[in-house]
Amino acid sequence: MSIPYNPSSPKADEFINHDEILDTLIYAEAHKNDTALINSLLEKARPKFNEKGCTCAGLTHREASVLLACEDPATIQRIYDVAAEIKQAFYGNRIVLFAPLYLSNYCINGCLYCPYHTKNKTIPRKKLTQDEIRAEVIALQDMGHKRLAIEAGEDPVNNPIEYILDSIATIYSVHHKNGDIRRVNVNIAATTVENYRRLKEAGIGTYILFQETYNRKRYEELHPTGPKHDYAYHTEAMDRAQQGGIDDVGLGVLFGLEGYRYEFAGLLMHAEHLEAVFGVGPHTISVPRVKPADDIDPDEFNNAIPDDVFTKIAACIRVAVPYTGMIISTRENEAVRAKMLQVGISQISGGSRTSVGGYTEEVRPHDTEQFDVSDQRTLDEVVRWLMEQDHIPSFCTACYRAGRTGDRFMALCKSGQILNCCHPNALMTLTEYLEDYASPETKRIGYEMIERELTRIPRENVREIAAKNIEAMRNGNARDFRF
Ligand code: SF4
Ligand code: SF4
């Protein structure tokens, strides 16, 4: 008996409905050369400006799947143009920076694509003590980071929720020189409503959980053992997170595990489900691809996607869910990241080390890495590179600290008012970075950019306050200004 599709259902198989995905793929294939339909979809998705700001309609999973199926180069370029237009309307030229912090690679799951899987006996197992976390955080603060994403394997004995909560408290407690970590996002295994409530109380930013693959059958093959084997429990995790009070959740699939069109439709259906049930879509979507690591050969996964398809996926996500931040990590090299920034990525990691305890080591360690880092530049190099391409590196964490999360964040975003916060906040947090951490050349380029960009703040009073705060930071130790 077929399972009904229902975006509002609490059941994974109903809101991520296999038959609906298959129908979507057939529909997309049948319409991929339908120029009139594609034109109307692109017109629908384009930003619409009014006296209050700008709004975007987004696209459904079916509509966006038609764009993704399209193979005509000229049409693909138009998709990129609309994606860039949306990005410019909501994110301007700002890019938010963050770093991952690996706490522990103990894990009882058997995920076939991850070197931390329980059967891997060659990888050294390591779990940071609170003192070691303090040292890692100081190293991250000394680089200039303000926003972290903590990562840990699933292991109720070695990494219980109490360990995660203690670690968050430790991270927020460290204030080294002018540094502090102002937002801790959390990427840990699916858990209970009660544990999500405790994470919320600990002051986390976004709860991130990658689905890996939305195809149940493939999911079960790839997760043969451990609690993560339970597809429904994993897929319904974001609902429990919302019930626990976490209203900023981050989705993602690991591209390469299953056909990308299937994953793309599933991802958007997940976003539609959250919108239908909780009135707010995902805060972020991450787009990782399978990468080499200890005991992992990406060639064993036969759904690898080339760079041009990967870029098309990012552009189509940008067009479909315009208000959702999009994240790319150092899994990708400089050239891929440059292209992806143009079509809608709004957050990137920089200076990352993906091993447990990696930031306190002089030389990048590889023994406990979760994946090969393709972009190995320092944070200073990434910041300079962004500015050379006219992106403003932002270390802003203002919204979550001002209580602008979930539907309050989305309401602000949809009204276009976010532009009055993000731009000056980016310039002020960049000033902090330039004063405290940048090399002389980065500092020079940065202040030239700030001077230029200050004139682009539309509201005069906001412009004046931002300029005054920037001056105060340049002339002394005043820090942490925000709108
Ligand atoms: S992906 Fe996560 S759950 Fe799976 S083995 Fe790696 S750390 Fe463990
Ligand atoms: S003001 Fe809010 S939305 Fe804008 S960059 Fe800062 S945290 Fe993000």
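1. Strands β7 and β8 (residues 284-286) are paired in the parallel sense through three bridges. Within this pairing, Gly250 stands opposite Thr284 of β8. The two strands and helix α12 (residues 260-278) together form a right-handed β-α-β unit. The model under discussion is a predicted one.

2. Strand β7 also has a partner in strand β6 (residues 207-208), to which two bridges join it, and the two run parallel. Here the bridge partner of Ile208 in β7 is Gly250, the residue that also stands opposite Thr284 in β8. From β7 (residues 249-252), Val249 and Leu251 point one way, while Gly250 and Gly252 point the other way. Both pairs of residues are buried.

3. Met238 belongs to helix α11 (residues 237-243). Is Met238 buried or exposed? With 26 other C-beta atoms within 10 Å, and a cut-off of 20 or more for burial, Met238 counts as buried. Neighbours within four places in sequence left aside, Met238 is in contact with Leu209, Val249 and Leu274. Its C-alpha atom is separated by 6.8 Å from that of Val249, a residue eleven places away along the chain. Val249 is itself one of the buried residues of β7.

4. Strand β4 (residues 147-152) is mostly covered, six of its six residues being buried. Arg147, Ala149 and Glu151 point one way from the strand, and Leu148, Ile150 and Ala152 point the other way.

5. Which strands pair with β4? Strand β3 (residues 94-104) pairs with β4 in the parallel sense over five bridges, and strand β5 (residues 183-187) likewise pairs with β4 in the parallel sense over five bridges. Glu151 takes part on both sides: Tyr102 stands opposite Glu151, and the bridge partner of Glu151 in β5 is Asn187. A right-handed β-α-β unit is made by β3, helix α6 (residues 130-143) and β4. Another right-handed β-α-β unit consists of β4, helix α7 (residues 161-173) and β5.

6. Ligand 1 is surrounded by Cys107, Asn109, Cys111, Cys114, Tyr116, His117, Gly153, Glu154, Ala189 and Lys228. By class, this shell has five nonpolar, three polar and two charged residues.

7. The shell around ligand 2 holds ten residues, the closest being Cys396, Ala398, Cys399, Cys421 and Cys422. Helices α16 (398-401) and α18 (419-436) each supply at least two residues of this shell. The largest share, three residues, comes from α18. The shell divides into seven nonpolar, three polar and no charged residues, whereas the shell around ligand 1 includes two charged residues.

8. In helix α15 (residues 379-388), the buried residues are Leu379, Val382, Val383, Arg384, Leu386 and Met387. Just after this helix, Asp390 adopts a positive phi of about 70°.

9. Along its principal axes, the C-alpha trace spans about 70 × 55 × 40 Å. Buried residues account for 51% of the 483 residues. Of the contacts between residues at least 6 apart in sequence, 77% join residues at least 24 apart.

How values were computed: Residues numbered from 1 in each chain as written. Chains lettered and ligands numbered in written order. Predicted model: local features only at pLDDT ≥ 70, side-chain atom pairs only at ≥ 80, totals over all residues. Buried ≥ 20, exposed ≤ 12 C-beta atoms within 10 Å, placed from the backbone. Contact = placed C-beta atoms within 7 Å. Near = placed C-beta within 6 Å. Helix = DSSP H or I, 4+ residues; strand = E, 2+ residues; numbered from the N terminus. Nonpolar A, V, L, I, M, F, W, Y, C, P; charged D, E, K, R; others polar. Pairing = 2+ DSSP bridges. Right-handed = clockwise from strand over helix to strand, strands pointing away.
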